[in-house]
Amino acid sequence: MSSWISPESPDSRWIISDDETNMKKNTTDDTLRWNSFRNGNDEAYILIYRKYIRDLYFQGLQFTRNKEIIKDCIQDVFTKLYKHRASLGDTDNIRYYLLASMRNQLLTVMSKEKIYADTDSDTINPEIQFEMNVEEVLIEREENITLEEKVNLIMSLLTDRQKEAIRYRYIECLSMEEICALMNMNYQSLQNILSRAMKKMRQYVKKDLPK
């Protein structure tokens, strides 16, 4: 069984490549590693855990800042994976499979904790959180902040669903069809969410530009 490895740990380092050859190789590697794991290879299980823990950790941050909840959800995902590996189906995309499993686990926990704001509207819920985010933006815009901090500020203006969709599409680089399946929505609804999110981000960037 696995033990917790911090996403900041060297053991959790991962490489993203846009090269088509590498993508095909990764698909083949995923299939081989997955089948090896299903057939009882514990080393393959550990490799899967270490390769994708960072993805799941940062996915969790889109739902909650409670790191203990995120770690517990990751552990639950991999515990269930190990327990039921003999009955798992085929996959050539382990990352997508784990993201879907992690999202389901997070939503289950969030529904119990009542701390996930599931809304597609332009109004961030709860209102208190929105007011805090805006106040932080107004204060920090007056300071000399880094690009990373500015990105975080922009993301804070989005709803939970918008942030999740943006991350899947532009950070995880999932297809629209994969995101629709993950978020349980139709294509048009996803387009609307992404469009609203991009509009908010453009508006903020426009305001932040020097006049």
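In helix α3, the residues I69, I70, C73, I74, V77, F78 and L81 are buried, where buried denotes a relative accessible area under 20%, exposed one over 50% and partly exposed the range in between, computed with a 1.4 Å probe on protein chains only. These residues cover an arc of only 165 degrees around the axis, which puts them on the same side of α3, the arc being that of the directions from the helix axis to the C-beta atoms. An α-helix has 3.6 residues a turn, so residues three or four places apart point the same way. The structure is a predicted model, in which local features need pLDDT of at least 70 and side-chain atom pairs count only at pLDDT 80 or more, whereas totals for chains, interfaces and linings use all residues. Residues are numbered from 1 along each chain as its sequence is written, and side-chain values use heavy atoms, with hydrogens and water left out.

The protein chain contains nine helices and zero strands, these elements being DSSP runs numbered from the N terminus (H or I over at least four residues for helices, E over at least two for strands). Buried residues account for 38% of the 211 residues in the protein chain. Of the contacts in the protein chain with a separation of 6 or more, 72% are made by residues 24 or more positions apart, a contact being defined by heavy atoms within 4.5 Å.

Helix α3 comprises 17 residues (residues 67-83), which at 1.5 Å a residue should span 24 Å, and the end C-alpha atoms are 24 Å apart, in agreement with that value; the expected span is 1.5 Å times one less than the number of residues. The N-terminal end of α3 is capped by N66, of which a side-chain oxygen lies 3.1 Å from the backbone nitrogen of E68.

A search of the whole structure finds seven aromatic pairs, a pair being rings of Phe, Tyr and Trp (its six-membered ring) with centres within 6.5 Å, classed as stacked for planes under 30 degrees apart, edge-to-face for over 60 and tilted for the rest. The rings of F37 and Y45 are stacked, because their centres are 5.5 Å apart and their planes stand at 25 degrees. F37 is buried at a relative accessible area of 0%, and Y45 counts as buried at 1% relative accessibility. Y49 and F78 form an edge-to-face pair, with 4.7 Å centre to centre and 75 degrees between the planes. Since Y49 lies in helix α2 (residues 42-60) and F78 in helix α3, this pair ties together parts that are 29 residues apart in sequence. Y49 is buried at 2% relative accessibility, and F78 is buried at 0%. Ring pairs link W34, F37, Y45, Y49, F78, Y82 and Y97 into a cluster.

Y82 also takes part in a contact with a charged group, as the charged end of R85 sits over the ring of Y82, 4.4 Å from the ring centre; this term requires NZ of Lys or CZ of Arg within 6 Å of the ring centre and within 35 degrees of the ring normal.

R38, found in helix α1 (residues 20-38), touches R85, A86, L88, G89 and D90 when residues up to four places away in sequence are not counted. The C-alpha atoms of R38 and D90, which are 52 residues apart along the chain, are separated by 9.3 Å.

Key:
A polar contact is a pair of N or O atoms within 3.5 Å; within protein, one must be able to donate a hydrogen and the other to accept it, and residues adjacent in sequence count only if both atoms are side-chain atoms.
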